[in-house]
Amino acid sequence: MKKRLLFLLMAAVMTLSTACAGDNGEAPSTTGNGDAAQTTAAQSTEAGAIEGSSTSAADKRYVYNTLSEDEKSIYDQILAGVFNYENTVVLDKEYDTAIVEATYKNVYYQEPEIFWFMASGSNFESCGEKTDTVNLAYRYDKEQTAALQKSIDEGIAKIEATFPENATDADKVIAIHDYLALNAEFTKEHQNAKDVSGPLVAGYSQCEGYAKAFAYACNKFGIENVRITGNKYTGASHAWNKVKIDGEWYNVDVTWDDPEGTSGIYVRHNYLFIDDAAINGITHIVECDFTPPAATSTALTYFKHTGTYATSADEAFSIMQKVMIDCAQQELVACQVACDSDETYAAAYDYIINQGKYNDLKNTTNNTSGCSQIVSMSMSCDEEANIIHLNLTYAE
C-alpha cells in the first residue's frame, strides 16, 4: 500500500523520492483490549499502591465499565495483587479460565500506571476450563519502581509546564502528544520501551510505551481516553489511543507522528484528533476484545484547532506563509497545513510545488524581520491525509 511521498527541495532545485512513514511502531505481542482506565483512589489505597501512582474517577474507566460484575471482581482482585507485588492471586472463587485470561489482559492494557507489571507471568493454557489462580510477574522490583515513579512524575510536570495559559483539554492533548514525540526515540530494544517510563524517563519507546505514556498523562490531567490494539496496514501489530474531547472521541497515534522514531527533531500531527473513517481498515486495523468508542466527529482536528486548515490553494499558500514565518522566528523546523479535500490538496500541491511557489515562501520569510535565514527546505506530503508538510533548514 502506498503510504507517503517525500519531496526534497534544496534551494531552488527540487528532486523527488519516495518514503514510507509510520512503520516505526510495533504493538505488544499479546493481543489484548488495551485502554487507559485507572484505579480508583479507594482501590489504590486498599491495594497498597506505590506512592505517587495516579488515580482517576471510575466513570472515566471506559473498558472497565463495559465488564460484567464477575469480570470487575476478577479485575479488582488482580489489580490489588499487582499493587501489593503479589506473586500469586487466589481469586474469591473459580471462574471460566477464558474470562480470567481476558480480564488479566485488560488489567495490563487498561492501567498504564502499573508500569512495573509484566503480562507474562500466567500460563492459562494449563489451567483447565476453570481457575481461581493468577500468577503475576514484574518488570521492576519495588526499589526500581519507586525511583522510576519519581522520574515519571517529573516528566508529567515537564509536560504540564508546556500547557498554554487557560489550556483546554484539546490544548493539553496536543502538548502531551508533542512532548512524547519530541522526547522519545522508537526502539524495541530498550528495557523500558514497553511501559510508561520509556518515553517519559528513558527517552526510548515502542508503540506500546507511547500509547501507555499518552494514556497515563491524559489520566493525570483528567482527560478520558482508551488504548486501542490491532495491526497496522502492513500486518504488523500496533497500539494507539482514542481520546474524548468535548463529548466526542478521536484517534491519536503518537508513534506514527514521531518521524522515523527520532527524538528532538520535529513532530507531525497527521494522526492527532482523527476520526475512524480516516484510518480504520485503511492504515489501522482494530483488534480489540471490546467494542471501542466510535470516533465519528471531524469537528476537531489539530489543524482546525490551530488555524492551519485550508479550503483553497490560495488559503493553503497564505497559511503556510504565516506558519513558516512563525517557525523561522523560533527556529522550528516543521511547517504543516491540512487541506479540506483531495481537490484542494491537489491544487495547493500544484501551486506550491509545480509552479515553484515554495521559493516565494522562503524568500518572503527570509526578508521578514526576526526570522532566521532558511537555506533549504524539504517537503513531506501525506496525500492520504491531504497534509502539506515543509521541513526547514537554517543557516548556521
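Two strands count as a pair if DSSP finds at least two bridges between them. Keep that in mind for the close-ups below, which come from a predicted model.

**Figure 1. The whole chain, before we zoom in.** The chain has twelve helices and 17 strands. Of its 396 residues, 56% are buried. Now take contacts between residues at least 6 apart in sequence: 66% of these join residues at least 24 apart.

**Figure 2. An open sheet of five strands.** Reading across the sheet, the order is E12-E11-E10-E9-E13, and the pairing is antiparallel. Strands E12 (272–274) and E13 (284–286) stand at the edges with a single partner strand each, so one side of each has no neighbour in the sheet. From one strand to the next, the twist averages 50 degrees. As a bit of background, the strands of a sheet pair through backbone hydrogen bonds, either parallel or antiparallel.

Figure 3. Which residue of E11 is the bridge partner of Ile 245? Look for Glu 248. Elsewhere in the pair, Asn 241 stands opposite Val 252 of E11. The two strands form a hairpin with two residues between them, and in the turn you'll find Asp 246, with a positive phi of about 50 degrees.

**Figure 4. E11 and its link to E12.** How many of the five residues of E11 are buried? The count is four, so this strand is mostly covered. E11 and E12 run antiparallel and are joined by two bridges. To spot one of these links, find Asn 251, whose bridge partner in E12 is Ile 274.

Figure 5. Helix H5 (residues 169–183) lies across E10, E11 and E12, and runs at about 120 degrees to E12. H7 packs on the sheet too, touching strand E9 (225–232), E10 and E11. The direction of H7 makes about 15 degrees with that of E10.

**Figure 6. H5 meets H7.** These two helices pack at an angle of about 145 degrees, and their axes are 10 Å apart. Their crossing is right-handed. On the H5 side, look for Val 173, Ile 176, His 177 and Leu 180; they meet Tyr 210, Ala 213, Phe 214, Ala 217 and Cys 218 of H7. How many residues of this contact are nonpolar, polar or charged? Sorted by class, there are eight nonpolar residues, one polar and no charged ones.

**Figure 7. H4 crosses H7.** Helix H4 (residues 142–161) packs with helix H7 (residues 207–220) at an angle of about 70 degrees, with the axes 11 Å apart. Angles of 65 to 115 degrees count as roughly perpendicular, which means that H4 is roughly perpendicular to H7. This crossing, of H4 and H7, is right-handed. H4 brings Gln 149, Ile 152, Asp 153, Ile 156 and Ile 159 to the contact, while H7 brings Tyr 216, Ala 217 and Lys 220. Split by class, the residues here are five nonpolar, one polar and two charged.

Terms used. Residues are numbered from 1 along each chain as its sequence is written. This is a predicted model: local features need pLDDT of at least 70, side-chain atom pairs count only at pLDDT 80 or more; totals for chains, interfaces and linings use all residues. Side-chain values use heavy atoms; hydrogens and water are left out. Axes are lines fitted to C-alpha atoms, for helices over the stretch in contact, and angles run from 0 to 180 degrees between N-to-C directions. Angles under 35 degrees count as roughly parallel, over 145 as roughly antiparallel, 65 to 115 as roughly perpendicular and the rest as oblique. A crossing is left-handed if the near helix is turned anticlockwise from the far one by less than a right angle, and right-handed if clockwise. Contact means heavy atoms within 4.5 Å. Ala, Val, Leu, Ile, Met, Phe, Trp, Tyr, Cys and Pro count as nonpolar, Asp, Glu, Lys and Arg as charged, and the others, Gly among them, as polar. Buried means under 20% relative accessible area, exposed over 50%, partly exposed in between (1.4 Å probe, protein chains only).
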